[in-house]
Amino acid sequence: MSHPAPYPVRLADEITRQLGQLSDHLSQLPPPQAAQVIARVLDPDNGVLGGVTHLVITGSHFAKSEAERGALPAEVWLALGRAANELHDISLDLDEHQNLLQHLGTRPATSAAKPPAPAPLVVRRRR
């Protein structure tokens, strides 16, 4: 007889399912609502990206302890640490655009006589 998955495993499965649902909804939303959703997802303090980053950092701490006692290869800890650092850097890059997304999401829909000029899609990153 199989044992039911522990609560944290079921929680991870449920969060994954809900993220899929959110993606499906996002692809069908009008631009102002999509911008609101994206702004909330990217919120560094209360958003999904910040939560995932914190989760990966926590996983990295777990992997470090397990690697130190020989239960996991050090590569697992190093990979989780790199992932946590990359997610943090991405969060910082995206944080500077969050206000713009929030503003876009609260702006009333107007039919402009002249549509805005398209922006170039290639932008050099500052380092």
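Good morning, colleagues. The structure is a predicted model, in which local features need pLDDT of at least 70 and side-chain atom pairs count only at pLDDT 80 or more, while totals for chains, interfaces and linings use all residues. Residues are numbered from 1 along each chain as its sequence is written, and side-chain values use heavy atoms, with hydrogens and water left out.

I begin with the overall fold. The chain has four helices and zero strands, and its pattern along the sequence reads α-α-α-α. Helices (H or I, at least four residues) and strands (E, at least two) are DSSP runs, numbered from the N terminus. Of the 127 residues of the chain, 17% count as buried. Buried means under 20% relative accessible area, exposed means over 50%, and partly exposed lies in between, with a 1.4 Å probe and protein chains only. The chain exposes about 10,400 Å², and carbon and sulfur atoms supply 61% of that area; the areas come from the Shrake-Rupley method with a 1.4 Å probe, and for residues only the protein chains shown count as cover. Among contacts between residues at least 6 apart in sequence, 55% join residues at least 24 apart, where contact means heavy atoms within 4.5 Å.

I turn now to a pair of helices. The axes of α2 (residues 31-42) and α4 (residues 74-106) come within 8 Å and cross at roughly 150°. Such axes are lines fitted to C-alpha atoms, for helices over the stretch in contact, and angles run from 0 to 180 degrees between N-to-C directions. On the α2 side, Pro32, Ala35, Gln36, Ile38, Ala39 and Leu42 take part, and they meet residues of α4 including Leu94, Gln98 and Leu101. By class, this contact of α2 with α4 has eight nonpolar, five polar and no charged residues. Here Ala, Val, Leu, Ile, Met, Phe, Trp, Tyr, Cys and Pro count as nonpolar, Asp, Glu, Lys and Arg as charged, and the others, Gly among them, as polar.

Leu101, found in helix α4, touches Ala35, Ile38, Ala39 and Leu42, not counting residues up to four places away in sequence. Leu101 and Val37 are 64 residues apart in sequence, and their C-alpha atoms are 9.0 Å apart in space.

Which residues form the largest nonpolar core? Its eight residues are Ala35, Ala39, Leu42, Leu49, Val56, Ala84, Leu87 and Leu101. A nonpolar core is a set of buried Ala, Val, Leu, Ile, Met, Phe, Trp, Tyr and Cys residues joined through side-chain atoms within 4.5 Å. Helices α2, α3 (48-68) and α4 each supply at least two residues of the largest core. Leaving aside neighbours within four places in sequence, Ala84 is in contact with Thr53, Val56 and Ile57.

Is Thr53 buried or exposed? Thr53, in α3, is buried, with a relative accessible area of 5%. Beyond its neighbours within four places in sequence, Thr53 is in contact with Ala84, Leu87, His88 and Ser91. His54 also lies in α3, but it is exposed because its relative accessible area is 54%. The C-alpha atoms of His54 and His88, 34 residues apart along the chain, are separated by 8.9 Å. Ser60, again in α3, counts as buried because its relative accessibility is 9%. Leaving aside neighbours within four places in sequence, Ser60 is in contact with Trp77, Leu80 and Gly81.

Thank you for your attention.
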